[in-house]
Amino acid sequence: MEIIKTSIEGLLIIKPDVFKDERGYFFESYNKERYAKEGLVMNFVQDNESKSGKGVLRGLHFQKPPFAQGKLVRVVKGSVMDVAVDLRKNSPTYGKWESRILSEDNKEMFWIPEGFAHGFITLEDDTIFTYKCTNIYNKDSEGSLRWNDPDINIEWNIKEPILSEKDKTAPLFKDFATFSTAGIIFT
């Protein structure tokens, strides 16, 4: 397993050791002991999976404390451009984003700790995406940011993605920044 740091502290790319032969492949997508030896102590309590057609954009979503979630995400089938936005008010990269192509071919995983908004755009039909979460989903704690917010300026490389109504009308980052200044959100 190789762990690659990104330009944002705490946000990591994990490349598993993949064993291939004429039968196919095998890899460990998660091993609590092995991750802990690498300094990644995670306690997962919920797994999620989504299936989407090409051009579906899900996000940018987050859970507010005390239900904030760390997520270990990966693609089982297809591919996505996965994005995380730093919402930690005291972080030097507050409001910055990082993206990574995750696919069934590269088998990379993205570790997104608490304090980030998360989203992805599917690059292929029938893409299956999985999340391991460190906290349970709580509807009253969910939040979102507008996918095409000009202050965040994510390069999605698509003009008209397929969006849920909730994602079309999500708040702007400037409104989130004002809200979080009151000490209500991530530190």
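1. Basis. The model is predicted, and local features need pLDDT of at least 70, side-chain atom pairs count only at pLDDT 80 or more, and totals for chains, interfaces and linings use all residues. Residues are numbered from 1 along each chain as its sequence is written, and side-chain values use heavy atoms, with hydrogens and water left out.

2. Sheet. Five strands make an open sheet, ordered S9-S8-S11-S6-S13, with antiparallel pairing. Strands are DSSP runs (E, at least two residues), numbered from the N terminus; two of them pair if DSSP finds at least two bridges between them. S9 (97-103) and S13 (142-144) are the edge strands. Each has a single partner strand, so one side of each has no neighbour in the sheet. From one strand to the next, the twist averages 25 degrees (axes are lines fitted to C-alpha atoms; angles run from 0 to 180 degrees between N-to-C directions).

3. S8 and S11. Strand S8 (residues 79-86) pairs antiparallel with S11 (residues 116-122) over seven bridges. Met 81 sits opposite Ile 121 in S11.

4. Cavity. The whole structure holds one cavity of 30 Å³ or more. A cavity is a set of points, on a 1 Å grid over the protein atoms alone, where a 1.4 Å probe fits but cannot get out. Grid points are joined across faces, edges and corners, and a volume is the space filled by probe spheres set on the points. The largest cavity has a volume of about 70 Å³.

5. Lining. Lining residues have an atom within 4 Å of a point. The largest cavity has 13; closest to its centre are Phe 62, Gln 63, Gln 69, Lys 71 and Phe 116. S6 (57-63) and S11 each supply at least two lining residues. S6 gives the most, with three.

6. The lining of the largest cavity divides into six nonpolar, five polar and two charged residues. Ala, Val, Leu, Ile, Met, Phe, Trp, Tyr, Cys and Pro count as nonpolar, Asp, Glu, Lys and Arg as charged, and the others, Gly among them, as polar.

Note on methods. Helix = DSSP H or I, 4+ residues; strand = E, 2+ residues; numbered from the N terminus. 1 Å grid on protein atoms, 1.4 Å probe; cavity = no way out; pocket = protein on both sides within 12 Å on 5 of 7 lines; lining within 4 Å.
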